[in-house]
Every structure is written in C-alpha cells, then in structure tokens.
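Here is a quick tour for someone meeting this structure for the first time. Have a look at the sequence and the model, then read on.

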Amino acid sequence: MANPMKIRATNKDGITEIKILMNHEMETGQRKDASGNLIPAWFINEVNVDLNGKSVLKAEWGPSVSKNPYMAFKVKGGKAGDKVVCTWTDNKGDKRTDEATVS
Amino acid sequence: MRAPHIKASLFVVIALAFSVSSQAQQDSTSAGIEAYREALQDGNPADLYVDSGAEIWKKKAGPKEASLEKCDLGLGPGKVKGAYAQLPRYFKDTNKVQDLESRLLTCMEKLQGVDTTEIVKAAFSSPKKADLVALSAYISAESKGMKVKVSLAHPKERQMYDLGRRLFYYEAGPYDFACATCHGQDGKRIRLQDLPYIPSAEGAAKGWTTWPAYRVSSGQMWSMQWRINDCFRQQRFPEPIYASDVTVAISSFMAGNSNGSVMQTPGIKR
C-alpha cells in the first residue's frame, strides 16, 4: 500500500498554486543491493491532477525523477473551496489518490 | 635599487586581486548553496516522516500491546509539544541523562515490553531503526519554532556536557582526528560547504537546531543519533553504540551551546 501524499493548494488573484509532495521510492533500476543484485526499477510513471473535476496537469515520468518527488505548479482559475485531486500510477501498477481543498 | 621594489609591490597587487576574486567566487557559491537550501524548504520530504512518526507514536505494539502515548519525554507522560527543545535532560526514573532516542528506547522497553537489543545493534538504514527515525522526525517537529532550553543544572547534566566537550576535542583513530579538527575554528569550510564552529552558540545552533533532517542526496531521513554516528565514522573512530552515553554527551555539548536558539526541525540538507 502506497503512503499518502501531501497536497497544498492556495488561490491568489485568480491563480491557483498547487504543491504536491509524493511518497515514493523511485528506484531507477540501476542500483545494486548489498549482495550485488540489481534492485528492480520502481517509479511513478503517470501523474494526473484534477482541479474541480477538470484535469489540469498530466505528466509521464521516468526513473530520473528523485525519491519522494515534489511538484509545484500554478493554474489560471480556481477558487477557494475547490477540490484538488492527484493520482499517480507506478510501473508496478500501484496507484494512489489523495485530495485537498483550495484555500 | 628601485626596480625590485616595484616588482614586489606589483606582485602584492596581483596576489591581492587574486585573493579578492577567489573570495568573491566562494561567497557566490555559498550564496548559491543557501538559495538551493531555501528552495528545498518548501516541500521538505521530512514532513512525510513526521506523519508516519505520529502514527507510530499512537500505534499499539510490543508484547504489552501498548502505544508510546504515555511516554515521558521530560515534560510529563504523553507531552510531546516542546519536549525536543529541552532534550537531552536528566530523568529520575533511569537516573541518567538521556537524549530523545535513548529515551524512546526506555519507553519501548517499559511501556511496550520490547527487547531493544536488536534495535540498538541494527544498521541505521535497516527497518528495525526506521520507527525511531520517523519518531524523531515527528517529535522534533513538535518543537519547531521553540527556543532550545536545555538544563545543565543537575550535576549529571553538567557531567554529560563536560564529557561531550572533552569528546569534542579528543583526538584519536588512525587519522588522529577529533570533532574539533573540522569544527574547532570559525570561518572554515570543507569543499564548498561552511563548517559550523560548534563551541560557539551560533555554530552549535547551526547543527543542533536543524537535525533530524532529510538528506536530499541520499533520499534518507536522518535522526540526530544517525548524524553523530556518521561523524564518528568519517573520523574513522570505532562506531559508537546506538544511544550510548558517549553519543548523548556530544548531543549535550551541542544542545547546551545552542541554548536560546530557535529549533528548525526537521531540517533539510543536501
């Protein structure tokens, strides 16, 4: 089971700033463990962010993104009380969805 | 007679110009590192550990099926807010000066009935220690913004602080190294990173008030014990036993020197 992410969203002058901190190992597949075996790649490859039911960001990620990724972006529109929903899917098919309210 | 004189002063001018430019370069680099650190502050992954630490605090575990919620961190059973800013301190029940992690081990033994021998022996990156690292993130976060207020009034607290100071200057190991070799002079750096001068209030606070911290380069959350352990490893000292008196002593020295500074925990580091 994937761990929850932390989402913060604020609206100022008609622009919504969304900040998301995700909880993920993001293994590149290049590293070896103590006994010399390759640690299999395990990373988030799809991210989707909805603002009030409308998709505002879609991303395709690879193994070069760091562990515990942090993403911040601004969207035109939105208002306080709107719902932000973020969903990621990793290459093992695991999924996690969390939401927050715009303040 | 005049010519060599001119040459000499020219040389001085050139040397001066060179030292100024290298100084400027160093300043801009450390300003760059500072800007990078500031950018990291927003969205510190240590927050993820703070959340999981809070859950571990409340979770029933061990043979006694008890949580740590009644653990006395110095301000009374279950009081977490502000406790970290006053550690290490003397505890009557154990008759010892303890830091956060050694105190947590005591609580795990007493409240939960956990045998902590294996936890003490385990590597810092192993899952056995993961709970303690997360707990230290959570408990230190509950002191964020508070002033360090470490008592040195009790004779045992004073003794611990003095032992820490002796340890700080104690040279040993194959490299004949001491903490003071790197942290015993003001205004020094290693590679391009400034080295805090630990015996000063400002220098001690730079270290003490920013650990535990998330390390971006390794993607790991480090507790204070982990940080100290690695300092000894870097000096090629024998590895100190987890939560042993020697590790508490060095913490007492740093914490005592930082009294009055504001806790910024959990921190974030490169």
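## A buried isoleucine to start from

B:I228 counts as buried because it has 25 C-beta neighbours inside 10 Å. Bear in mind that this is a predicted model. You'll find B:I228 in helix α9 of chain B, which covers residues 224-234.

What does B:I228 touch, leaving aside residues up to four places away in sequence? The answer is B:T247, B:I250 and B:S251. As for B:L152, its C-alpha atom is 21 Å from that of B:I228, and the two are 76 residues apart along the chain.

## How α9 meets α10

In general, two packed helices are described by the angle between their axes and the distance between the axes. For α9(B) and α10(B), the angle is about 100° and the axes are 10 Å apart. An angle from 65 to 115 degrees counts as roughly perpendicular, so that is how α9(B) and α10(B) sit relative to each other.

On the α9(B) side, the residues involved are B:M224, B:Q225 and B:I228, and they meet B:T247, B:I250 and B:S251 in α10(B). Sorted by class, this contact has three nonpolar residues, three polar ones and no charged ones.

## How α8 meets α10

Helix α10 of chain B, residues 245-257, also has the buried residues of α8(B) packing against it. Here the helices pack at an angle of about 120°, and their axes are 7 Å apart. That makes α8(B) and α10(B) oblique to each other, and their crossing is left-handed.

Which residues of α8(B) do the meeting? They are B:A201, B:A204, B:G207 and B:W208, and their partners in α10(B) are B:M254, B:A255 and B:N257. By class, this contact of α8(B) with α10(B) comes out as five nonpolar, two polar and no charged residues.

Helix α8 of chain B runs over residues 201-208 and is mostly covered, with six of its eight residues buried. The buried ones are B:G203, B:A204, B:A205, B:K206, B:G207 and B:W208.

## Chain B as a whole

Stepping back, chain B has ten helices and seven strands. Its C-alpha atoms fill a box of roughly 90 × 40 × 35 Å along the principal axes. Of its 270 residues, 35% are buried. If you take the contacts in chain B with a separation of 6 or more, 70% of them are between residues 24 or more positions apart.

Where they touch, five residues from domain 1 of chain B and five residues from domain 2 of chain B take part. On the domain 1 side, two of those residues are nonpolar, three are polar and none is charged.

The C-alpha trace of chain A spans about 55 × 20 × 20 Å along its principal axes. Among its 103 residues, 20% count as buried. Residues 24 or more positions apart make up 55% of the chain A contacts with a separation of 6 or more.

Most residues other than glycine have a negative phi, and most peptide bonds are trans. Here are some spots that go the other way. The peptide bond from B:L87 to B:P88 is cis, with omega near -5°, and B:P88 lies in the loop between α2 (46-58) and β1 (89-91) of chain B. The bond from B:W211 to B:P212 is cis too, with omega near 0°; B:P212 sits in the loop between α8 and β5 (213-215) of chain B.

A:D13 has a positive phi, near 50°. This residue is in the loop between β1 (6-12) and β2 (15-21) of chain A, and it counts as exposed because it has 4 C-beta neighbours inside 10 Å. B:E65 has a positive phi near 50° and lies in the loop between α2 and β1 of chain B. With 9 C-beta neighbours inside 10 Å, B:E65 counts as exposed.

Methods: Residues numbered from 1 in each chain as written. Chains lettered and ligands numbered in written order. Predicted model: local features only at pLDDT ≥ 70, side-chain atom pairs only at ≥ 80, totals over all residues. Buried ≥ 20, exposed ≤ 12 C-beta atoms within 10 Å, placed from the backbone. Helix = DSSP H or I, 4+ residues; strand = E, 2+ residues; numbered from the N terminus. Contact = placed C-beta atoms within 7 Å. Nonpolar A, V, L, I, M, F, W, Y, C, P; charged D, E, K, R; others polar. Axes fitted to C-alpha atoms, helices over the stretch in contact; angles between N-to-C directions. Parallel < 35°, antiparallel > 145°, perpendicular 65-115°, else oblique. Left-handed = near helix turned anticlockwise from the far one by under 90°.
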